Amino acid sequence: MMKMMRRTTKMENKKKSLIPKAALIKAWFIWETFPQTCYNYERMMGQVVAHMFSAIINFLYKDNPAKRKEVMKREIEFFNVHIEFGACILGMAVALEEQKAMGEEIPDEFITNLKTSLMGPLAGMGDTIWQGVVIPILLAVCIDLTRSGSGNIWGAIIYAVVIIAAAYGLSYWNFMFGYKAGSEAIMDFLEKGILNKLIKGASIMGCMVMGGLVVNYVKASCGLKVVSSTSTYDIQTSFLDAICPSILPLAVTMLVYYLMNKRRWSSLKIIGLIVVIGVVGGATGILAY
């Protein structure tokens, strides 16, 4: 009989919710809108996580200031993840804090460790898919739309509307998924290896997209020509294009990658180098547009 009562109480606790839907939406909105307003090297996004919990903390511990301080100290710790894809981690953190407030035996370390262990994989997944696939494809389409007519601004408008709507929509879905599914569903998702497969597939697609963008938007051509009494030999069209079309744009891209990834050059130094190469190459005729 006692076991039955304990099971019933446990089921009621799981069904019960201390946080109203409006407060959950407000917490999510704070996370999506202000994720980098207090960005710093010590806590990265930790402060906006604490800001997010300020919308719901009073529903968890209304009459217990000590517990409220305890939660806020725990949630302000170092946290860094892709904003939209990592929203599910915060949904899970909210769900766990809520269950803890209702009497479930959830260790403090478990919540912290869960956030720490998931932020790396989801950051990699989000950066690969969002920044390596979604944004470049959408930018390519909208840039071509803008360049298709004189004074056409619809490409910029469409990009701004679509990217903002997609970011808020994905972030909201992920946040609520994490809150409703809890940690078990996410851990099961990771254990099955689905996340690694998605990251690998997105990486391959991202490389294909970036390769297409290099061909279309990186411009570099050789202006040297060998002139004889009977003919003119164009090094770009007769030699470089015959070996590999767009080989100079590829070389420029790989040079920038090498300087950033291997030599750890800053973007300002690379921009300065490109300007110098462009000026010298244009003045001497080595490079042509």
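Predicted model: local features only at pLDDT ≥ 70, side-chain atom pairs only at ≥ 80, totals over all residues.
The relative accessible area of N174 is 8%, and because buried means under 20%, N174 counts as buried. Leaving aside residues up to four places away in sequence, N174 touches E84, F85, A87 and C88.

## The chain as a whole

The protein chain holds twelve helices and four strands, and of its 289 residues, 32% count as buried. Its accessible surface comes to about 17,700 Å², and 65% of that surface belongs to carbon and sulfur atoms. Among the contacts in the protein chain with a separation of 6 or more, 71% are accounted for by residues 24 or more positions apart.

## The largest nonpolar core

Nonpolar side chains in soluble globular proteins tend to be buried together. The largest nonpolar core here has 47 residues, and those that touch the most other members are W31, M52, F79, V94 and F175. Two or more residues of this core come from each of α2 (21–33), α3 (46–53), α4 (57–60), α6, α7 (108–147) and α8, with α7 giving the most, namely ten residues.

What does W31 touch, not counting residues up to four places away in sequence? The contacts of W31 are M45, V48, V49, M52, F79, V81, I83, A87, L90 and S171. Two of these residues, M52 and F79, are also named with W31 among the core members that touch the most others. A87, in turn, is one of the residues touched by N174.

Helix α6 runs through residues 87–101 and is mostly covered, since 14 of its 15 residues are buried. At 1.5 Å a residue, the 15 residues of α6 should span 21 Å, and this agrees with the model because the end C-alpha atoms of the helix are 21 Å apart. Just after α6, G103 takes a positive phi of about 105°.

Within this helix lies E98. Is E98 buried or exposed? Its relative accessibility is 3%, and so E98 counts as buried. When residues up to four places away in sequence are set aside, E98 touches S17, L18, I19, L60 and Y179.

S238 is found in helix α10, which covers residues 235–243. Its relative accessibility is 38%, and S238 therefore counts as partly exposed. S238 and K225 are 13 residues apart in sequence, while in space the distance between them, C-alpha to C-alpha, is 9.8 Å.

Conventions. Residues numbered from 1 in each chain as written. Heavy atoms only, no water. Buried < 20%, exposed > 50% of the residue type's maximum accessible area, 1.4 Å probe, protein only. Contact = heavy atoms within 4.5 Å. Core = buried A, V, L, I, M, F, W, Y, C linked by side-chain atoms within 4.5 Å. Expected span 1.5 Å × (residues − 1). Areas by Shrake-Rupley, 256 points an atom, 1.4 Å probe, with all protein chains shown as cover.
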